[in-house]
Amino acid sequence: MTLCTECYIQQDDKTLMLYRNKKEHDINEGKWLGVGGKFEPGETPEQCLLREVQEETGVTLTEFKLHGVMTFVTLDGSSEPLYIFIFTASAYTGVVGDCDEGTLAWIDTDKVPELERWEGDHLFWEWIVDGAPFFSAYFEYDGDVLSKHSVTFY
């Protein structure tokens, strides 16, 4: 299994999104995501979040919230299961820079659902913007198609 974080930085009714268009052999190529990445050995979710956001955007988060934990699996076994800790952030220091994995853009938060994203991302996005309680979610993909999902709210 692979442990990851993902963060949606929000400010002035906009959300910082990452369009994946620079990394070779990227399973996320052509999709919009939050910023984040894989844990390094011994990191907590918060340490991973802060490091990854700083590496990908150049900013240091000062206010953030953990919304849930998600499990992503592929039926064909093309990748090991991902466990993603999903955050939003409302404050940071520094200036957003360039990212070597894609293009960063501030998107009107109400326009995020219109972006090309993974099918499951549309589901958990609604839970976040609707203020749902902490959640644990499961997403199963058959290729690029979401074949099964479930969620428990706490």
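Biologist: Is leucine 18 buried or exposed?

Modeller: Leucine 18 counts as buried because its relative accessibility is 0%. Buried means under 20% relative accessible area, exposed over 50%, and partly exposed in between (1.4 Å probe, protein chains only). This is a predicted model, where local features need pLDDT of at least 70 and side-chain atom pairs count only at pLDDT 80 or more, while totals for chains, interfaces and linings use all residues. Residues are numbered from 1 along each chain as its sequence is written, and side-chain values use heavy atoms, with hydrogens and water left out.

Biologist: Where is the place of leucine 18?

Modeller: Leucine 18 sits in strand 2, residues 14-19. Helices (H or I, at least four residues) and strands (E, at least two) are DSSP runs, numbered from the N terminus. From leucine 18 to threonine 5 is 13 residues in sequence and 14 Å in space, C-alpha to C-alpha.

Biologist: Which loop holds aspartate 12?

Modeller: Aspartate 12 belongs to the loop between strand 1 and strand 2, and aspartate 13 is in the loop between strand 1 and strand 2 as well. Most residues other than glycine have a negative phi. Here aspartate 12 has a positive phi of about 50 degrees, and aspartate 13 has a positive phi of about 60 degrees. Aspartate 12 is exposed, since its relative accessible area is 66%. Aspartate 13 also counts as exposed, at 66% relative accessibility.

Biologist: How many salt bridges does the structure hold?

Modeller: A salt bridge is a side-chain nitrogen of Lys or Arg within 4 Å of a carboxyl oxygen of Asp or Glu. The structure has nine of them. In one, aspartate 26 pairs with arginine 20, and the closest N and O atoms are 2.9 Å apart. Both ends count as buried: aspartate 26 because its relative accessible area is 11%, arginine 20 because its value is 8%.

Biologist: Which side chains meet arginine 51 in a salt bridge?

Modeller: Glutamate 40 is one partner, at 3.6 Å from N to O. That pair links distant parts of the chain, since arginine 51 is in helix 1 and glutamate 40 is in the loop between strand 4 and helix 1, eleven residues apart. Glutamate 43 is another partner, at 2.7 Å from N to O. Arginine 51 is buried, with a relative accessible area of 16%, and glutamate 43 is buried at 17%, whereas glutamate 40 is partly exposed at 41%. Shared partners join Glu40, Glu43, Arg51, Glu52 and Glu55 into one network of salt bridges.

Biologist: Which side chain of opposite charge is nearest to glutamate 56?

Modeller: Lys and Arg count as positive and Asp and Glu as negative; His and the chain ends are not counted. Glutamate 56, in helix 1, is buried yet has no salt bridge, and the nearest side chain of opposite charge is arginine 20, 5.7 Å away.

Biologist: What volume does the largest pocket have?

Modeller: Rolling a probe the size of a water molecule over the atoms shows where empty space is left. On a 1 Å grid over the protein atoms alone, a pocket is an open set of points where a 1.4 Å probe fits, with protein on both sides within 12 Å along at least five of seven lines; lining residues have an atom within 4 Å of a point. A volume is the space filled by probe spheres set on the points. The largest pocket here has about 900 Å³. Its lining has 35 residues, and the closest to the centre are Cys4, Ile27, Asn28, Leu82 and Ile84.
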